[in-house]
Amino acid sequence: MSIGSVPGRRLLAVCLLVSIYLTGWTQDRCGITEVMQNLRDKNSIRETNQQFEAWLQRHQAARLASGRTEDNKTYLIPVVVHVIHRGEAIGSGTNIPDAQIISQIKVLNNDYNRLNADASHTPSEFASVAGSFNVQFVLAKQTPDGLPTNGIVRVKGSKTSWSTSDDATLKATSYWPAEDYLNIWVTNLSSTLLGYAQFPVSDLAGLEDAEDNRLTDGVVIDYAVFGSSDDGSFNLDSEFDKGRTATHEIGHFLGLRHIWGDDNDACGGDGDYVSDTPDQGGSTSGCPSNPQTSCSVHSMFQNYMDYTDDACMNIFTQGQVSRMITVMENSPRRVTLPQSKGLYEPILYTNNLTASAIVSPQANQCAGIITPQLTIKNTGSNSINTARIQLSINGTLAETKDFTFSTALASAQSTAVSFSSVALSSGATVFTFKIITMNGITDDNSEDDTQTISAQVPYTIDIPFTETFAAMPSTWNVVNGDAGITWAVKQAPNTDASNTAAYLDFFNTQNSESSQDILITPAFDLSDAVAPYLTFDVAYALYQNYADQLQVYIITDCSNNPGNGAEIYSKTGSTLATVLISGSAFTPANASQWRTEVIDLKNYIGQSHVQLAFVGTSGGGNNLYLDNINVVRTVTEDVALTDIISPAPVRCTINATPVLQITNNSAVNVTSLKVVYSVNNGTAQTTSLSNITGLTPGASIEVPASAITLAKGQNTLSYTLTSPNGYTDINMADNTHTKTIIVNTASDIIPLRENFDSNSFDSQWTIVNPTEGMAWATTSTNYNQSVYFNAAANTAEGDKAWLVSPVLDFSSATTASVFFDLSYRYKDDEGNKNRQDNLQVLASADCGVTYDKILFNETGTLLSIDQNTVTSVPASASDWQRKYINLDAFAGSDGVRLAFVFTNDNGNNIYLDNIEFFVSDDPNPNAVKNPFVVYDNSPLTPSDFYITFNLEERQPVQYELVDIMGRPLTTQTLPDVLNQTYEVNAGNTSTGIYMLRLRIGQSMYITKVYIGQ
């Protein structure tokens, strides 16, 4: 009997039931969480929710304890509405009419004072806690310069639509001082966003001075939800046409949170920090019937701080009102609003020149030559031809200058005037500009004649420098975020037991508010540096599950604000720790409890005013120490761990000797280094490599590391290179490499078919990305379920995903092959890049120890059916290619593994299916659509014929050849039948028709066979 094979490609008759449904389209009511996170990311002086809430609760409790509720006090808030339009005429499109704006102010006053007509719709169970906030929103009556206004400013914007990422740009288009006005920007918001607000801050030291916060403080509303249809036929969204979006967002502006607390839909916890709003698991949309239940209680979905439609909202609670009063009484840029001159009609002067704003210097200024500059504005009715203005520096008159304007300044017109250049040195310099006369006379209003600024210039320091903190250096700037514990100097043993260091006593702040403390270096010059870098020593111990943070920012504008710089280092909790656990206040005991950090500063070569800001953020954990801050001009050793070549990602055995690929990125030979490694997050071990040869500048070598023992299943290897030539590596960012290794001993025999339709296939086949990136996954195609790699969505170029077979036994085969179906369309990214996705099929003959044979290697267009820039899912047989690989080289082997390895180049998605192993090497076998086919009376042996099988799964088959009287001629049982071809020798059978009976599983088949002589 001879054995052959045919590929058993399944032909499926598929009945598809397609269910099409529509869901209600809902808009994002509010973008406050995204906006506030953007502000926190930008500004190093940033306040956590816990810090703000602790501050607010303290003030709220003090106010209530004193009996001072302020319920009878009327809070006046001046409002300026900035209409940022697209150039339409007033009253059309985004340039909404005045009447629509006035209707919104009416809604605000009614809703906050509970004078809204639908207050009666509040369910009785909530009526008892309904609150009224005695506040009046007033369209501003005078501008910041004292000129008359109706509180509405119209400006054509630079964009047709705006998102939260455009926040600063949008608000810079038109802005009035946030301490004097509630700024409301009305414009066309992109996507489905209706509005957003900037949350208030506490009055803790430093927070109110964050300039970026001030310049963006206010509320943004989409033009189609601003105002109420009750007051006119405005072009409003039908679901949000009662002006409640502004009510909601101004609630945030006054300190209210979403009623469900933005806590990932959780029940319990602090929620919105208001006791009389019921616990709610998530937001509510639409306008549902009452009652609705969430977290086992009735939801107050009528609350203005939920996401229901406008017509369904009607209540603030007394607890929410108490929060808003506390914010109005204490929060910077809220407490000053009721005293704003914008609430009152302006005094109109005949002759008045105003010192409007100082252009130069800034509050934070680099050392050097500056030109003092002042913006002046005519806020009187008479034109102004001349002005005399004085400049004083540090209280001493520096210059009196007469200005004659070539064109007279008309009323409300501004211009900038300049004075003689001044050299600024380190420290604070106070500049005072004062208008003496205009048109040769004293103007009518002396209160706006003067502007003063203190320009703070950082001290300078030459590099290289090292700060060892024998004492806190007087030229360094310490910013104490909470006016509590901050950076100080303390004895902290290192190589010397008497060593001192800067430290933050986080251990004793663990039960108080979160705090942030900043230590800023003097300015230094990198304009002629060759290869500068920063090193510093850090020591920190964990305490229970609390996590403190250390960040380092680099500042180049002399602002003393890390938020204006770039973060170059950040570690938190266990990644920051040099000692994992300490049950008491931590003080380092010796050098082993310190770690040296190294940061490359080459990106800042050419900058002449560079500062470093070390920002410690308390998480209530343990003490943090900082020492030996060192900035140098010249690079030293730099090695990189570019790969862990061995072990391979999928193997059978647990014993392995890793091989590391190391690259020398420095200009000197590297002859020694240390390797720190761990297996499965176990105890880190260190080995020293000495007498290394070949690691010359720019060279890469492969180095065997210490033998390791893996566990069955998934393993994580982590390797870090340190101490090249015994020195600190100047770029530790490329010294660590991790790799995921799977030990899987699952085995099988051939023939074998895997179509991935069963979810249990992964017990035999292994899917892994060694670097924990994107991996192969299953998805629906016209072949039921296929495996695919989503390269179109993966921007990690070079990411490798492995799909590995079980250990295959080829020992009984004399020939072998594998077929597989592949679907891929080359994507050229519209010509922007030649996307070279790659698929390889690698083979291992040693159970996965090495995959040293490349059986298949196709890239880009070679893989493709055709070119298509659209990411597509295979929908028909024409979307697939059938691939063939000869495996004769592995016949007789019993430890064979095949790995399908895809290397991502962010091109197009690739799909695999119907991987089928044969015990033949025929690249063009006959196609068999049924479970079997009988054919081919051989001319040499006319009594013989062939049976080719195509079964769903491997199983035994019994066949019997009988004559027409039912008498058996030959019987045979075939083991492990899947896709093979068998020859049946009928012997000396006479010519005629016979019956072939086959039993396959529980099924019996009978077919006629003609045997001729």
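I take two strands as paired if DSSP finds at least two bridges between them, and I take helices (H or I, at least four residues) and strands (E, at least two) as DSSP runs numbered from the N terminus. The model is predicted, so I note that local features need pLDDT of at least 70 and side-chain atom pairs pLDDT 80 or more, while totals for chains, interfaces and linings use all residues. Residues are numbered from 1 along each chain as its sequence is written, and side-chain values use heavy atoms, with hydrogens and water left out.

**Sheet.** I looked up an open sheet of 5 strands, which has mixed pairing and the order β31-β39-β38-β34-β35. Its edge strands, β31 (650–651) and β35 (685–689), each pair on one side only. Inside this order, β34 (residues 673–679) and β38 (residues 713–722) pair in the antiparallel sense over 6 bridges, and I found Val 679 opposite Leu 717 in β38.

**Salt bridges.** I counted 30 salt bridges, each a side-chain nitrogen of Lys or Arg within 4 Å of a carboxyl oxygen of Asp or Glu. In one of them, the closest N and O atoms of Arg 753 and Glu 916 are 2.8 Å apart. This pair links strand β41 (residues 752–754) with strand β52 (residues 910–918), 163 residues apart. Salt bridges that share partners join Arg 753, Asp 821, Arg 882 and Glu 916 into one network.

**Burial.** I call a residue buried under 20% relative accessible area, exposed over 50% and partly exposed in between (1.4 Å probe, protein chains only). Arg 753 therefore counts as buried at 11% relative accessibility, and Glu 916 counts as buried at 1%.
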